[in-house]
Amino acid sequence: MQKRHKDRFRYFQELACTTKDFYIELLRSYINIGVGTKVLEIGCGEGGNLLPFAQIGCLVTGIDICDSRIEQAVDFFKRENQKGTFICENFMLLNNSKDGIGKFDIIILRDVIEHIEPPCKKEFLSHIKEFMTEKSLVFVCFPAWQNPFGGHQQISTGFVSKIPFIHLLPNPLYKAFLTLNGTNSDTIQELFSIKRSQVTVESFEKLIKTIGFRIVKRQLWLINPHYKQKFNLTPRLLSPVFSKIKYLRNFYTTSCTYVLRK
């Protein structure tokens, strides 16, 4: 596991920088963002993605199922002298008409959809509509499954965390490597949940079409924008030629970003 995953305030700050440098400007092409803009992040973790929105006067709300992450979000926002509303809850259990969460101008799913297993994906994405107006945008970001670290093996420990494509091995062999490497059972369960999810460009676009979302903007990144913070690499989009080659493009796409509307 990388040090940044253990230093959660550092991780919080790095997420905030990437959102500020890349994603806010992308969204501004389709919606005005400023004082009073309502922003919801589902699976917000420590709230790093929401920080730059709060800093420009947006009304931000974060939802996460993990109570320790919500506690950190509250603490980190206090350190930054920013306001935010943070809710510890399973998003699927929230009823907007009953709980009064409200409608939002922007809804963020950054590196979340790959953690939702296939039987629940359609219901999860459909539930988002309850929190949208006709003009709302949904921003979705995820790593293509077949890219070198699409299995999130970097959250493991030791040599396995540094081996590209190891998540594509057959299940018994992959589990053997993780176990021999000393990966704890909770992390192994999480990694296999992601392996069952296997989100690709094709599977995601097919799913959102059945739900009734339309793609406003799609970006397939050869070098993930967040790699600027992690590795000091210059972000770069996949070439137009490779981005059109179905299935093969997933091996080269370290991040898929989508702007969606109903």
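A salt bridge here is a side-chain nitrogen of Lys or Arg within 4 Å of a carboxyl oxygen of Asp or Glu. K262 and E134 meet this rule, with their closest N and O atoms 3.4 Å apart.

The model is predicted: local features need pLDDT of at least 70, side-chain atom pairs count only at pLDDT 80 or more, and totals for chains, interfaces and linings use all residues. Residues are numbered from 1 along each chain as its sequence is written, and side-chain values use heavy atoms, with hydrogens and water left out.

**The sheet**

Helices (H or I, at least four residues) and strands (E, at least two) are DSSP runs, numbered from the N terminus. Two strands pair if DSSP finds at least two bridges between them. Eight strands form an open sheet with mixed pairing, in the order β3-β2-β1-β4-β5-β8-β6-β7. Its edge strands are β3 (85-88) and β7 (236-237), and each of these pairs on one side only.

Strand β5 covers residues 132-142. Eight of its eleven residues are buried. The cut-offs are these: buried is under 20% relative accessible area, exposed is over 50%, and partly exposed is in between (1.4 Å probe, protein chains only).

With β4 (residues 104-110) the pairing is parallel, over six bridges. Here F104 stands opposite M132 of β5. The chain passes from β4 through helix α6 (residues 118-128) to β5, and this β-α-β crossover is right-handed. Right-handed means that, with the strands pointing away from the viewer, the path from the first strand over the helix to the second runs clockwise. With β8 (residues 255-261) the pairing is antiparallel, over five bridges. V140 has Y258 in β8 as its bridge partner.

K135 touches I31 and R261, not counting residues up to four places away in sequence. Contact means heavy atoms within 4.5 Å. K135 and G158 are 23 residues apart in sequence, yet their C-alpha atoms are 46 Å apart in space.

**Salt bridges**

The structure holds nine salt bridges. Side chains of opposite charge can pair when their charged atoms come close.

| Pair | Closest N and O atoms | Relative accessible area |
|---|---|---|
| R8 and E46 | 2.4 Å | R8 14%, E46 2% |
| E117 and R196 | 2.8 Å | E117 24%, R196 47% |
| K262 and E134 | 3.4 Å | K262 27%, E134 62% |

R8 forms its salt bridge with E46. R8 lies in helix α2 (residues 8-28) and E46 in the loop between β1 (38-42) and α3 (51-55), so the pair ties together parts that are 38 residues apart in sequence. R8 is buried, and E46 is buried too. R8, E46 and R69 are linked in a network of salt bridges.

E117 forms a salt bridge with R196. This pair links distant parts of the chain, 79 residues apart: E117 is in the loop between β4 and α6, and R196 is in helix α8 (residues 185-197). E117 is partly exposed, and R196 also counts as partly exposed.

K262 forms a salt bridge with E134. K262 sits in the segment after β8 and E134 in strand β5, and the two are 128 residues apart. K262 counts as partly exposed, whereas E134 is exposed.

**Two domains**

The protein chain divides into domain 1 (1-145 + 198-261) and domain 2 (153-195). These bounds come from an automatic or database domain assignment. Their C-alpha centres lie 25 Å apart. The contact takes nine residues from domain 1 and twelve residues from domain 2.

How much area do domain 1 and domain 2 bury between them? They bury about 1,000 Å², with 55% of it on carbon and sulfur atoms. Buried area is the accessible area (1.4 Å probe) that two parts lose on being put together, summed over both. Across this interface the rule finds zero salt bridges.
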